[in-house]
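Welcome to this tour. Please open the structure in your viewer and keep the selection tool at hand.

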Amino acid sequence: MSLPILSLLIGLPFVAAVIMALLPRGNPSLLKGWALAAVALEFLLSLYLLFNLDHDTSAMQFVENYAWIPQFGISYTVGVDGLSFWLVLLTTFLMLIAIPASFSEINERLKEYFIYFFILEAAMLGVFMALDVFLFYVFWEFSLIPMALIIGIWGHERRIYAAIKFVLFTMSGSLLMLVAILALYFVTGARTFNLLELQKMVTPASIQPWLFAAFALAFAIKVPMFPLHTWLPDAHVQAPTAGSIILAGVLLKLGAYGFIRYNLTLFPEASREFAPVLIVLAIIGIIYGAMVAAIQKDLKSLVAYSSVSHMGFIILGIFVFSQQAMSGAVLQMVNHGLSTGALFLIVGWLYQRRHSRLIADFGGLQKVIPTLSFFFLLVMFSSMGLPGLNGFIGEFLILLGAWETNPAYTVLAALGVILAAIYLLWAYQRVMHGPVTNDANKKLPDLNRREFILALALAAFIVLLGFFPNIVLDPMQASITELLNQTTVAGLLK
Amino acid sequence: MSQMLWLIPALPLVGAIINGAIGKRLPRAMSAWLAVLMVTASFGVSVLAVLNLVALPEDARVIHETLYQWVGVGSFSANVAFWLDPLSAVMILVVTGVGALIHIYSVGYMAHEEDYARFFAAMNLFAFAMLTLVLADNYLLMYLGWEGVGVCSYLLIGFWFNRDSVAVGTDEKFLSPRSSATKAFVVNRIGDFGFMLGVILMFWTFGSLAFEDVFQGAETMFQVGAPVITIMTLLLFMGATGKSAQVPLYIWLPDAMAGPTPVSALIHAATMVTAGVYMVARSHVLYELAPTTLAVVAVIGTLTAFIAATIALVQNDLKRVLAFSTVSQLGYMFFALGVSAFSAGIFHLMTHAFFKALLFLAAGAVMHAMNEMIDMRRLGGLRKYMPITFATFLVGALALSGFPLFSGFFSKDEILAKGFAHGEVGLWAVSVVTALMTAFYTFRAVILTFGGKPRWKEGEIVTAQDEDEHSGHGARGLHPHEAPPVMWVPLAVLAVLAAFGGFIGLPHVLGTNYFDQFLEPVFQQPHVEISETLEWTLIAISTAAALVGMFIAFRFYRGSSTAPARLTSYYPWLYNLWVNKYWVDQFYDFAVARPGRWLANAFWVDVDGRIINGIADGLGRTFKNVGQSLRSLHAGYMRGYALAMLIGIVVVIAIVVMRP
């Protein structure tokens, strides 16, 4: 038996949380130090996957399987493939960004704060690794609570409203999914929750659309897809910076990942049947999110709506069933995590300096804080898909793949590329350019050493993946080919 | 040194990275000369590479160099790979040659700027992107350069990002540098939307984006007039109308003049804006399969040339005259491409790079001497104060006007002749009228700037519109002076090129067109036979047009003629149409921007706010009312809330699961 790496990855944050609980409350630098050490250790541990993953197989790797509640066929089964391990790495990397990003922002109840983040990390990793539907559901629900608490306790003015809205939206989706999971257990006759077993079963055509819809609803809320997106701007605007980074960077990917791992493989016929519906909603989201982003007055809200637009690209990429588009979608999950995480980091830094997120309160900052401005500029171009930076190839592959299914999809979605330039450049212009008219902006400090290191780490990946996207694309090819085969063969059998 | 093409874009990239990262800490001179060195070295490597290329037999003149696979997914693949053939050879020599001269000039021109390093980093980055664009061996890498030059253009138009206006001593209102930068990028993105779709359609048509595969596929798989090729080439051309400022997307280029003048010379005259011309010429195999598209290209080019020339007639700002002239000259190039005279288009691209860079740099020298003031109504008489600048500007003006034997004469004449020979007599006639207008507005600018008596006073204070932000220039009185050697030497070199550069492409009746011969392996065009009589006639007509235009300019602006004022009062509607640039900006604002904002607001306030949130909050309130009775259980404290929820979930799960 080799190293139980995945269980270590899920377990380490829990251990870190317990140790955190035992540390003395009165020593914030000790708490911060331990928090950073823990997420750093976790990140290093996750690199094990990068170096040991077999690129040539679509099979699940690093699989661990323990019986949990055998009488109901529930097991603790975890594994990753060339697709999901990127999301694991994204999670551990963004945690490594988010934790130090909180150091100067969060001063109250640090202990709980870090504990919730550790639990959140374990839960998110669990979602990406689970190969048992029941286990998946437990992790899925578990990821909800710490995030709701982070928003509700450490958030801004309307934090309670935002937290409750977040919980209500997500819960209403996941409850139906729970019903569908149970139905899956009974109607397939498999009497197991093991995902790989369930994938071999054929769900009756009469019931497949219902189960598909129940899963899809939960995932669509999480992504979020139009018109279920309105919890996102509120949650982002109210969340503390690190909360926004993880929310946008990882939590939204849970939904997109769910579509790929569950909807496509468990309900291939229904996936094909309902694909046009999801695609149309995705395209509406791309254009709608971008348009609404353009007129936002609050920077965080702008980035939140831009996420609606960007996530639309990812859903489009998933549901056109193309090797290129699906690869692009997964690549774009990583990219969106980096770029949008970075954007929220920047807005957080601006907020800490000015105690405002309103675009109108800024102006001319490039003169005052040139390094932060340059980082903003780079991330902005990454977010609008500039070739040479990370965002381009993913977007291009999605548009390329979508064309094969229907050129109209590509044409409409590509409008989002134009709109992205409008909302980002216009925001940048109003925040960073122009004369410094507001006295409060005249003496802002530029990035400090800690902030600079975070910016540099993100910038490095933004450029690296721009010129070498194959680093991400290569390992996932086998899995995506297999995934598409499954949906195609199922479609033919029908 | 077999593999050296990659050095050509890589050297300026290194310069950009060094200046971007630590330029601020370097001594100013080091920062500037580093940038110059990198572009010059790139020019050196380019020359070596082109010598290697020319050493190859004519039918095998391609150097192909692959670095690595950029992206590979399923059947899709694109490399980072470079392709040097005679066409890209012309381009890299122009880009690095003219680029190096403009970099040198900038050392002097930007000497008083505090953000020296930022300027040179962006200039070097531009050289990297432009060289990638013209050296790429496939359309995806070309697109990287294509968007990259757009970013550099954005960065440099908005170089004075904190100033509301760069206009000095004028009552005209121009867009601020920051708005101009945003506008330029967004308008280009609209064009790039088409370009990207064209590239995607290309992949699904040919299964590859590499030039080799695409052109081979096009020749073997398609007949002339195949609809898919027509759509593809139209989409690609849409990108060209953005990047190369053609109707209907030309509106960004005049505003781009808000950037420093060397930027206007390098990016917005000599190189970047010609990217669309290069792209169409590069794709000539596709375009020749699509006569419909070629007709569109020819008509758009001619129309743009004409419209921009009419607007240039009434501009008061010297740089804006040159900007509209650039739009107009780019139109000529597209006219050439549209009549399949690809090498003539590239020839004009090259001569235009010489004389228009020269004109802009000379205009920059004027700004330098006149404390940034460039409103021609307040200039005049400068020939005595800056003779070198005057002489070089005059050479550029003669070349632009198509005065016989200057470079622009040969290239424009070739375009007009081939357009006529191609049977486009109508478009040819419009182009001749445009040539007349060109000579007129060019010499109007020469006379108003350098001729006559000064309309300014020694020691006069001219002020910038946003004086408090940008003090310094205006505070000093006017004492015009010749530019320093670091600025006039590049002017002199460009003047030589602008004067004599045309002799490599002589018309048939005068000698040999070496330029056409050099590009022959790329375009492989049948030689169009024109009778000697016709050729002489056409030369005579275009020469006459140039001379008449110059003559009118002299009559109008030498001395105190009232003719311009009288004409304006006779035809006020025409004057208003031109001075307001055909109200195209206003039209876009009215037809696109305003409805867009209105719709976005409706989405946000009504759809999100009222409808979706209304429903969600309504459901939320219902839950809350139900919960009132359980108030003791949740006192609004989030932790309790969550715990209860968790317990609830577990209970639900337990109940459901325990009931088999």
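**Stop 1: chain A as a whole**

Select chain A: among its contacts between residues at least 6 apart in sequence, 81% join residues at least 24 apart, where a contact means that the C-beta atoms, placed from the backbone, lie within 7 Å. What you see is a predicted model, in which local features need pLDDT of at least 70, side-chain atom pairs count only at pLDDT 80 or more, and totals for chains, interfaces and linings use all residues. To find your way, residues are numbered from 1 along each chain as its sequence is written, while chains are lettered from A and ligands numbered from 1 in the order in which they are written.

Switch to a cartoon view, and chain A shows 19 helices and two strands; these are DSSP runs numbered from the N terminus, with helices being H or I of at least four residues and strands E of at least two. The radius of gyration (taken over C-alpha atoms) is 22 Å for chain A, close to the 23 Å that the globule rule gives for 494 residues, so the chain is as compact as a globular protein of that length. That rule is 2.2 Å times the number of residues to the power 0.38.

**Stop 2: one residue in a helix**

Now select A:Asn263, which lies in helix α10 (residues 241-266) of chain A. Is A:Asn263 buried or exposed? A:Asn263 is buried, because 26 other C-beta atoms lie within 10 Å; the cut-off for buried is 20 or more such atoms, for exposed 12 or fewer, with partly exposed in between. Leaving out residues up to four places away in sequence, A:Asn263 touches A:Phe212, A:Phe215, A:Ala216, A:Phe219 and A:Ser271.

**Stop 3: where the chains touch**

Next, show both chains. The contact takes 52 residues from chain A and 47 residues from chain B. On the side of chain A, the largest share, ten residues, comes from α17(A).

**Stop 4: the nonpolar core**

Finally, select A:Ile315, A:Leu316, B:Ala357 and B:Leu358, the residues with the most contacts inside the largest nonpolar core, which has 443 residues. Such a core is a set of buried Ala, Val, Leu, Ile, Met, Phe, Trp, Tyr and Cys residues joined through C-beta atoms within 7 Å. Helix α15 (residues 342-369) of chain B gives this core its largest share, 20 residues.

Conventions:
Two residues are in contact if their C-beta atoms, placed from the backbone, lie within 7 Å.
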